Amino acid sequence: MTTASAQDPLTRVTGAAILDSSAAPTRLLVAQRAYPEKLRGLWEFPGGKQDPGEGAEEALVRECGEELGVTVRLLDEVPAPNPEGWPLKGTAVMRVFTAVVTDDREPAAGEDHLQLRWVALDNPAAILDLDWIPADLPIVRALLEQLAVVGTTTAGPENSGVGTALSGPLIADAAHTGAPVTGTADTGVPRSRTSHSGR
Ligand SMILES: Nc1nc2c([nH]c(=O)n2[C@H]2C[C@H](O)[C@@H](COP(=O)(O)OP(=O)(O)OP(=O)(O)O)O2)c(=O)[nH]1
C-alpha cells in the first residue's frame with residue numbers, strides 16, 4: 001500500500017475483474033467492502049493500492065493473494081480514459097484488469113470484505129444495480145461493454161444495460177444467476193486484445 005507522495009502525487013489503486021473463465025466467461029466476482037465505515041457495504045473490484053515501486057499488475061496479483069487467498073492470471077486491461085487509470089475520489093486513480101483464478105482454491109472473503117459474490121454476466125442490469133463505490137460505475141459499464149454483455153452506446157445511469165442484448169461471443173452460458181462463491185480455476189487461453197504492461 002502507498003499513498004500520494006512528493007514523487008508521485010497520485011494514489012495508485014489496481015482492481016481485478018475476476019471472471020469464471022477466460023475463454024467463455026459467464027460470471028464476475030464482486031466484493032463487498034468491510035471498511036472504512038463510509039465504504040462499508042459498497043461493492044468493488046478486489047484489489048488495493050500499489051506499493052512504492054510496484055507495478056499495477058504485480059500489485060494486483062499480490063492483493064488478490066492477500067485478500068482472496070487465490071492466485072490470479074491477468075488477462076486484459078479495462079481501457080481507462082487516461083493512461084494513469086480511472087479517476088477515483090481525490091487524487092486516486094485505478095487500473096482494472098480482467099483476470100481468472102489459476103489455482104484450485106476458491107476466492108474467500110477475508111477481513112477486507114463482508115462477502116464475495118459471483119454475479120451472472122447475462123444480467124448486466126443486476127450487476128449495475130449493485131451498490132457500487134460510485135467511482136466504479138463507469139468502470140463496470142466499460143467492463144460489461146468490453147465483454148460485450150451490454151450495448152456499446154454511451155451508457156449513462158439511465159441507460160445502464162437494461163434491455164440490451166446478449167451479443168458477445170464470450171458469453172457461452174446464459175443460465176447462471178448471482179451465486180455465492182464457488183470458484184473456478186482457469187488455466188486456458190493466453191492474454192489477448194488490450195493487454196498492457198505494468199507500470
Ligand atoms: N480495491 C478497490 N478500491 C477501490 C475501488 N474503487 C474505489 O474507489 N476504491 C478506493 C477505495 C480506497 O480508498 C482505495 C483502495 O484502498 P484499499 O483499502 O482497497 O487498498 P489497500 O488494501 O492497499 O489499503 P489498506 O487497507 O492496506 O490501507 O481505492 C475498487 O473497485 N477496488
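## Salt bridges, cores and an aromatic pair

The structure holds 10 salt bridges. A salt bridge here is a side-chain nitrogen of Lys or Arg within 4 Å of a carboxyl oxygen of Asp or Glu. This is a predicted model, in which local features need pLDDT of at least 70, side-chain atom pairs count only at pLDDT 80 or more, and totals for chains, interfaces and linings use all residues. Residues are numbered from 1 along each chain as its sequence is written, and side-chain values use heavy atoms, with hydrogens and water left out.

### Charged pairs

Side chains of opposite charge can pair when their charged atoms come close.

| Salt bridge | N to O distance |
|---|---|
| Arg27 and Asp20 | 3.7 Å |
| Glu44 and Arg33 | 2.8 Å |
| Glu66 and Arg62 | 3.2 Å |

Glu44 lies in strand β3 (residues 43-44) and Arg33 in strand β2 (residues 27-33), so their bridge ties together parts that are 11 residues apart in sequence. Strands (E, at least two residues) and helices (H or I, at least four) are DSSP runs, numbered from the N terminus.

Glu44 counts as buried because its relative accessibility is 6%. Buried means under 20% relative accessible area, exposed over 50%, and partly exposed in between, with a 1.4 Å probe and protein chains only. Arg33 is buried too. The side chains of Glu44 and Arg33 also make a polar contact of 2.8 Å. That term covers a pair of N or O atoms within 3.5 Å; within protein, one must be able to donate a hydrogen and the other to accept it, and residues adjacent in sequence count only if both atoms are side-chain atoms.

Beyond its neighbours within four places in sequence, Glu44 is in contact (heavy atoms within 4.5 Å) with residues including Val30, His113, Trp132 and Asp136.

Arg27 and Asp20 are both buried. Glu66, by contrast, counts as exposed, at 54% relative accessibility. Salt bridges that share partners join Glu66 with Asp51, Glu54, Arg62 and Glu63 in one network. Within helix α1 (residues 56-68), Glu66 and Arg62 sit 4 residues apart, about one turn of the helix.

### Nonpolar cores

The largest nonpolar core has 28 residues. Such a core is a set of buried Ala, Val, Leu, Ile, Met, Phe, Trp, Tyr and Cys residues joined through side-chain atoms within 4.5 Å. Those with the most contacts inside it are Leu28, Phe45, Leu121, Ile127 and Trp132. Its largest share, 5 residues, comes from α3. Apart from it lies another core of 16 residues, among them Ile18, Ala56, Val101 and Trp118.

### The aromatic pair

The structure holds 1 aromatic pair. Its members are Phe45 and Trp132, with ring centres 5.3 Å apart and planes at 35°, so the pair is tilted. Rings of Phe, Tyr and Trp (its six-membered ring) pair if their centres lie within 6.5 Å; planes under 30 degrees apart are stacked, over 60 edge-to-face, and the rest tilted. Phe45 is in the loop between β3 and β4 (47-49), and Trp132 in the loop between α2 and α3, 87 residues apart. Phe45 is buried at 3% relative accessible area. Trp132 is buried, at 3%.

Gly41 sits in the loop between β2 and β3. The C-alpha atoms of Gly41 and Trp132 are separated by 8.8 Å, although the two are 91 residues apart along the chain.
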